[in-house]
Amino acid sequence: MRSDPQLRPLPRLIFASRWLQLPLYLGLILAQAVYVFQFWTELVHLIEAAFGNQDALATLVKSIGYKAIAIKDAADNVIGYEPIVKLNETILMLVVLGLIDVVMISNLLIMVIVGGYETFVSRMDLGNHPDQPEWLSHVNASVLKVKLATAIIGISSIHLLKTFINADNYTQQTLMWQTLIHIAFLFSAMAIAYTDRLLATPTGKH
């Protein structure tokens with residue numbers, strides 16, 4: 001039986017250079033750890049604010065960029081804002097959407113770390129591991145690209161929803177640009193999926 005020929009030194013070096021990506025994926029794992037810390041910090045502040053902690057409430061209000069009802073003078077100029085003394089539905093909704101946003105970005109990181117490592121660095125040889133993601137069994141650069149585009153649309157949708165809920169604190173130009181950027185993401189994902197479908201379609205029967 002004939003064995004595969006050994007790679008020459010230069011091709012071997014070039015092929016081994018894929019391991020240079022390993023520190024990048026390890027760095028993304030550390031970034032995900034930071035997101036986990038951020039998630040629990042926001043969650044603790046939310047629970048404390050629900051029980052009347054004013055410092056936690058102030059931290060949440062500042063983090064989400066929320067402002068209370070404006071106080072205007074006779075000339076209709078804003079001279080201040082009504083004090084926020086308790087957790088209201090809008091603040092709660094914005095904080096929860098922020099937590100969902102963190103989870104979706106974490107999911108995106110997992111797809112990049114696991115899918116990217118499997119596609120570009122080395123096989124994980126998970127075999128029949130019960131926790132193996134369903135999509136990992138047929139992952140490739142094209143599938144990963146479509147999944148990432150879909151995940152980015154989900155994240156963009158959450159950001160856009162947060163902006164609309166807190167629309168009073170944004171200018172009309174900001175709202176317009178965020179909407180246009182979200183639409184651009186949608187069309188980009190559709191174009192990627194359509195291109196992938198064209199590439200996967202047989203050219204025809206002979």
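This is a predicted model: local features need pLDDT of at least 70, side-chain atom pairs count only at pLDDT 80 or more; totals for chains, interfaces and linings use all residues.

A: Two packed helices are described by the angle between their axes and the distance between the axes. Here, helix H2 (residues 22–50) and helix H4 (residues 89–120) have axes that come within 10 Å and cross at roughly 165°. Angles over 145 degrees count as roughly antiparallel, so H2 is roughly antiparallel to H4.

Q: How do the residues of the contact of H2 with H4 divide into nonpolar, polar and charged?

A: There are 21 nonpolar residues, three polar ones and one charged one in this contact. As for handedness, the crossing in which H2 passes H4 is left-handed.

Q: At what angle do the axes of H4 and helix H5 cross?

A: They cross at roughly 170°, and the axes of H4 and helix H5 (residues 141–165) come within 10 Å. H4 and H5 are therefore roughly antiparallel to each other. The contact of H4 with H5 comprises 19 nonpolar, seven polar and three charged residues.

Q: Let us turn to the surface. Which residues form a nonpolar patch there?

A: The patch is formed by Ile152, Met176, Trp177, Leu180, Ile181, Ile183, Phe185, Phe187 and Met190. Together they have about 880 Å² of accessible area.

Q: Which helix gives the most to the nonpolar patch?

A: Helix H6 (residues 172–200) gives the most, with eight residues.

Definitions and conventions: Residues are numbered from 1 along each chain as its sequence is written. Side-chain values use heavy atoms; hydrogens and water are left out. Axes are lines fitted to C-alpha atoms, for helices over the stretch in contact, and angles run from 0 to 180 degrees between N-to-C directions. Helices (H or I, at least four residues) and strands (E, at least two) are DSSP runs, numbered from the N terminus. Angles under 35 degrees count as roughly parallel, over 145 as roughly antiparallel, 65 to 115 as roughly perpendicular and the rest as oblique. A crossing is left-handed if the near helix is turned anticlockwise from the far one by less than a right angle, and right-handed if clockwise. Ala, Val, Leu, Ile, Met, Phe, Trp, Tyr, Cys and Pro count as nonpolar, Asp, Glu, Lys and Arg as charged, and the others, Gly among them, as polar. Patches are made of residues with over 30% relative accessible area and no salt bridge: like charges are joined within 9 Å, nonpolar side chains (Val, Leu, Ile, Met, Phe, Trp, Tyr) within 5 Å. Accessible areas come from the Shrake-Rupley method with a 1.4 Å probe; for residues, only the protein chains shown count as cover. A salt bridge is a side-chain nitrogen of Lys or Arg within 4 Å of a carboxyl oxygen of Asp or Glu.
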